[in-house]
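Grab your viewer and work through a couple of exercises. Try each task before you read its solution.

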Amino acid sequence: MNFDFDSEQNDLREAVRGLLERAYGDSEQRRKVVANDPGFDEKTWSRLAEMGLLGLPFAEEHGGMGAGPIEVAIVAEEIGRVIAPEPFIEAVVLAGGLIAAVGTDEQKGELLAAIAEGTTVPAFAHAEIGTRWSASAAAVTATRTGEGWTLSGVKEPVPNGAHADVLVVSALLAGDGAPGGTGLFVVQGDAAGLTRTGYRTHDGTRAANVRFDGTPATLLGGSDSPTHPDQTAAIERVLAEARIAYSHEAIGAMDTALRITAEYLKTRKQFGVTLNRFQALTFRAADMYVSLELARSTALWASMVQEAGGDVVSAADRARLQSSRAGRHVGKEAIQLHGGIGVTAEYSVGHYTSRLTAIDHLLGDGGFAVARLAEHVGERETVDPLGAPYA
Amino acid sequence: MNFDFDSEQNDLREAVRGLLERAYGDSEQRRKVVANDPGFDEKTWSRLAEMGLLGLPFAEEHGGMGAGPIEVAIVAEEIGRVIAPEPFIEAVVLAGGLIAAVGTDEQKGELLAAIAEGTTVPAFAHAEIGTRWSASAAAVTATRTGEGWTLSGVKEPVPNGAHADVLVVSALLAGDGAPGGTGLFVVQGDAAGLTRTGYRTHDGTRAANVRFDGTPATLLGGSDSPTHPDQTAAIERVLAEARIAYSHEAIGAMDTALRITAEYLKTRKQFGVTLNRFQALTFRAADMYVSLELARSTALWASMVQEAGGDVVSAADRARLQSSRAGRHVGKEAIQLHGGIGVTAEYSVGHYTSRLTAIDHLLGDGGFAVARLAEHVGERETVDPLGAPYA
Amino acid sequence: MRLQLSPELQAFREEMRTFFTTQVPQEIRDKVAAHRHVSKEEYVEAQRALNAAGLAVPHWPVEWGGRDWTPLQRHIWREEMQLASVPEPLAFNTSMIGPVLAAFGNQEQKERFLAKTANLDIWWCQGFSEPDAGSDLASLRTTAVRDGDDWVVNGQKTWTTLGQHADWIFCLVRTDPTAEKKQRGISMLVFPMDTPGVTLRPIELIDGGFEVNEVFFEDVRVPAENLIGEENRGWDYAKFLLGNERVGIARVGATKKMLAQAKEHAREITVDGRPLLEDPFMATRIAELENELVALELTALRVVANSADGKPHPASSVLKLKGSELQQAATELMVDIAGPLSVASFAEDGSDVPDWARVATPHYLNYRKVSIYGGSNEVQRTIIAGTILGL
Amino acid sequence: MRLQLSPELQAFREEMRTFFTTQVPQEIRDKVAAHRHVSKEEYVEAQRALNAAGLAVPHWPVEWGGRDWTPLQRHIWREEMQLASVPEPLAFNTSMIGPVLAAFGNQEQKERFLAKTANLDIWWCQGFSEPDAGSDLASLRTTAVRDGDDWVVNGQKTWTTLGQHADWIFCLVRTDPTAEKKQRGISMLVFPMDTPGVTLRPIELIDGGFEVNEVFFEDVRVPAENLIGEENRGWDYAKFLLGNERVGIARVGATKKMLAQAKEHAREITVDGRPLLEDPFMATRIAELENELVALELTALRVVANSADGKPHPASSVLKLKGSELQQAATELMVDIAGPLSVASFAEDGSDVPDWARVATPHYLNYRKVSIYGGSNEVQRTIIAGTILGL
């Protein structure tokens, strides 16, 4: 049991922090970047690729770095620290993670290398209007055609869905003799019958309505055999990995929000004294720190569970629950302790709250996570984070 | 719509406050009284009777004062203000209320007058080990015998159950041809087959295990016809009235707990200054006030709903929910803001917290109330406290 | 004590309800209900409709269009207006400068301004807050120096709500920098926003909207006749005005409307085929909020009943504090009901996300302001602790 | 970063678990688990069993019975002890005076006291707090005046935990009333509780139990050799000692045990025939608490890993703060599971209420203390705000 980063990990953090600090150390820079499509900075994306970060968790044979969940966590936290709008988690952890998890060797070789190089930006088209943080698909159906598959239906909201070169799409396996279940497909950005309507989300990133109308698609990982593989479990697992990564992004964002707030309390004067002379305010900052540190411990642990091959789905729910509660607490208090300036777009802190709110709702909030944990609460007398089913 | 007490009500409050202030204005006096059985002061009980309070809500023809729910609320709040241990709600509102609600004229004439005079102290034996704030009975069964009924089973905890002269008992109507449902019975304190084991509760009052073993009982309100009347609805209604009364007792207790706490903050010195110089503490006292006043409004309203003949069960749930949340908040904070002295039995504030905790659990806590309200949340677009189903 | 409204008040409520739901254009009310941007023209149209019916400034002196209503009537008027999603008469006109002019203005000023203020022929904005003052309003630094028949104003104001629409500004300026207490030496001036030397800079808020502004004054010449009341007594007028600001600040009707919408939307969203409203957690969360809102509404009615002399009851701080918390809780509820759809904030045509879900998060973020403006919740706690609890 | 314990540590944990669950008498552990009164003799028996196995004072210098364990080993030792409901070695002996004697006592004092202290042959109590000091410990007023070879002590201490069992007291006394800072001029004396002039008055707590005392000193003569360390440096030793007090204060193991019991009891209680544990609210409440406890445990492990130098990590304030909140939440949970049975606190034979439900509320009330003692949560927030956030 060891919570220390090794020196390579510390170097990685330094390097990522340096890169992102240069890009977004001035929060005005982020405002400029998100004001225009695609909502992130393609130069920064290239630099992330050059540093190898876009292939961080992929196998070396597929052009990746072969790094583990801790390294992903480090990058995610640094992204959160400056709320960099680059779709690292969406492209690398989610879409890339699915390709790595279920793709054929050929698909991995082709797609993962391109993602790692930054030449292909993929997105995972999964959410549907009628569902709520589910691992399966219902509104988009996949139908077998002679030589392949076509998709029909709508996915929304799809983070970075309009800009993506390639979409990984979950779809209900329908049609004659189909066993049901959810399959995964690859759709090219320029495919026929694909309509994408992108828009800005409240946190400055981008999402899209993605409409499939008999759109040709390739089965991800499939040998295209009649036994359509149900990928619900793989999706659940990759969603869990992304939930953990988002928790780390949230930790980074909270860390900065708290730091900015403490700085403000130390310098802002009212009634002739700096705000840190008001005990009611400093105590609330202390409570923010408590929330943050408890969430940080849980997120780090969840990444270790992932690395150790433990029950990553349950660990991700634990990390999400803690970072959801903490994110709301810290996000709200950071604004309140600032007063009026906190709600302006010209000051940075509100953007952190906005991003924390988005993170909270993209793949399941605290209520979602705790309801899942509650289903199993009676199964064990105590929870041992260092024991089964986690380690 | 009018929240003002009329002058008679104000006079009533003054009189009750005077009486209880003399009895328990010194909190040591309460400690002495509750140290010995029956856990309350029989002289104070007699004085309450002399003032007519023990027959307050009963009809004048039955020896009562014919007063309404607002008057009961006033008395309950004053009881809470000094946490007088006299079983006013248990004897008058619950046991007496049930007799008044379903008793025959003869039963009312006989029992209510005796309760009002203070010569008979009744208790309502209803709770059972296997149930939780239910309006029906299961563990005690009533069986018809030739000339009447016998009860068998156990009731616990029964507030003031060991000392009571007369028990009103809820029981499952069992036996041949019985239609089921819950009946209400009167059992004399010296009845055969009745075993009562009393004990002290954490708040200084008394409760008992009450065991029936073929104990002779009289059907309350029954003409003793073969169609055993199911009294579940009447019990639910009287429980609601008692929940409202307990909410008022809680308001009185919170009011004093907050007053004591504010006084302490003003006088206690630490680090060379009085505690009210610590903003983190005074803000928390302000939050206590907010909780208290919101609970007070809701309790007063519930009593008005009762008076107006509105949906008293739902109104009682609203009052309980609000006073449960407030009672926990105020009870905990009152101790915490005092520091060490707050947890001692020699200082009064902890006793208020203890009593608030008992009130919260006797007839249903906030979680119980909100779960019941949630079942109906979709039925109306908005809640209008001045409209249907309340007014 | 009486629950029901008198028949006269019931008729009054009905009259208000009918007027608001039939005489104020549906399109405007729909926009308010949907939390969509309301244009200046729409605000003006709505207020003129109210004013024509004598419903814009009922709390003003009868001579100037007031109605001599009881506080309860005014409460009903406001609540019904909010429930019907009528844009409220512009507070800067009707609750702030109007009453100040009526109370402290000279006859000429009254005749010049009051009718136009009631009818929104003049749109007023407020020049009180300054960048370095925050909650410490009295430390303002904008100066007015007498020069012949003019005052020459220099300085900067901020948080000037809807200043971009304003024709005139009422402004606190320091006219005696030598006064011993900072509260002395302040005067109130009014002048047109197009006076040379006045410039306005809109401030973007975190929801992407523009509603507050910075206003800069550079040698702005204001005729002496535009001084309101006496020189150096501006702080008294400001206190008078800010007292009015707290009236109606509970916004019960508006929150009630939001909860009604929340229920409606929670019926539309399905989780595993079941309406979200039937999820016990969602139902309970709404029931709990709804109960707090009932408690707040009843508390507002109590405060209203006890503020017949027109001075704000100290408990109105409870209304502001809890009112803002419940408004914020309702906006957060809406985001959570929207769930994954809540990120689609700036979706337009081509998106399948319902309108209400698109605005949910911007509305939530925007509403972080309600615990900051109009006297932050920290200020309200200070008032409660000091004025009510004597701490 | 590594999740798993090393094989050595796993074996160590197993060894601890086996020892605690087999070598400490079951009857004593059952009492601790049931939150029943543990007698002095039982405390002594348990500690001697630990000491015989070298498990009473592992953190002491090896010379005096310590084990030279890593912080993580000590953490595991403590957590396993709590999980097994072993009464922890008396803190006053093992965490407080023992380490002070080992660090600052002279050789004669070490030889005279340390072995007996480890073995609980001497039961120590703490004479620090005074009635007028509270959290402002340094303002103590008990004096010691040199008279020949003796110190003559006069004054009063309070909150002396388990003083009624104590053989000796370690006491902070003012030896130089002229010192400029109140922290100077304080010395530490030790003396037997049966020294003439020492009287002890037990203080009843709100749960009816006796665990703290007032101790009065009237011309108590203490031989000069009983001064610990240097004259007037007592404050340094107190700080050293209080730093140790925070170690292990998270009490994760103890809370874990309570949650396990809560699940067990929630299985026994039925609501409408269904185990309470299956109620979604109860299950969720437990799951949420359990997750916070996981977060706390992981945070404790992080802190442990970073406090190898023996000095308390500032984040240990997080452990105290959150640890006490979770202990309190667990006791409240137990009361709510007991529901109506929770009032039967002092039931004895003849009651059907299960033991755990009887002790639930007294335990809850008693545990209000854990956010007050050992540095109140307000003190912890002050430390976090000041030391960590620099406010």
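The model is predicted, so local features need pLDDT of at least 70 and side-chain atom pairs pLDDT 80 or more, while totals for chains, interfaces and linings use all residues. Residues are numbered from 1 along each chain as written, chains are lettered from A in the order written, and side-chain values use heavy atoms, without hydrogens or water.

**Exercise 1.** Find the buried residues of helix α2 of chain A, and work out which side they sit on.

*Solution.* Start with burial: under 20% relative accessible area with a 1.4 Å probe, protein chains only. In α2 (residues 27-35, a DSSP run of H or I with at least four residues), that gives A:R30, A:V33 and A:V34. Next, take the directions from the helix axis to the C-beta atoms. They cover an arc of only 90 degrees, which puts these residues on the same side of α2(A). Now look for the cover, using heavy atoms within 4.5 Å as contact: it includes α1 (7-24), α4 (69-82) and α10 (349-362) of chain A.

**Exercise 2.** Describe the interface of chain A and chain D.

*Solution.* Count contacts first: 48 residues of chain A touch 44 of chain D. Then get the buried area (accessible area lost by both parts on being put together, 1.4 Å probe, summed): about 4,300 Å², with 67% from carbon and sulfur atoms. Finally, check salt bridges (Lys or Arg side-chain nitrogen within 4 Å of an Asp or Glu carboxyl oxygen). The rule finds 4, including A:R325 with D:E288, whose closest N and O atoms are 2.6 Å apart. On chain A's side, α8(A) gives the largest share, 18 residues.

Notes
Buried < 20%, exposed > 50% of the residue type's maximum accessible area, 1.4 Å probe, protein only. Helix = DSSP H or I, 4+ residues; strand = E, 2+ residues; numbered from the N terminus. Buried area = accessible area lost by both parts, 1.4 Å probe.
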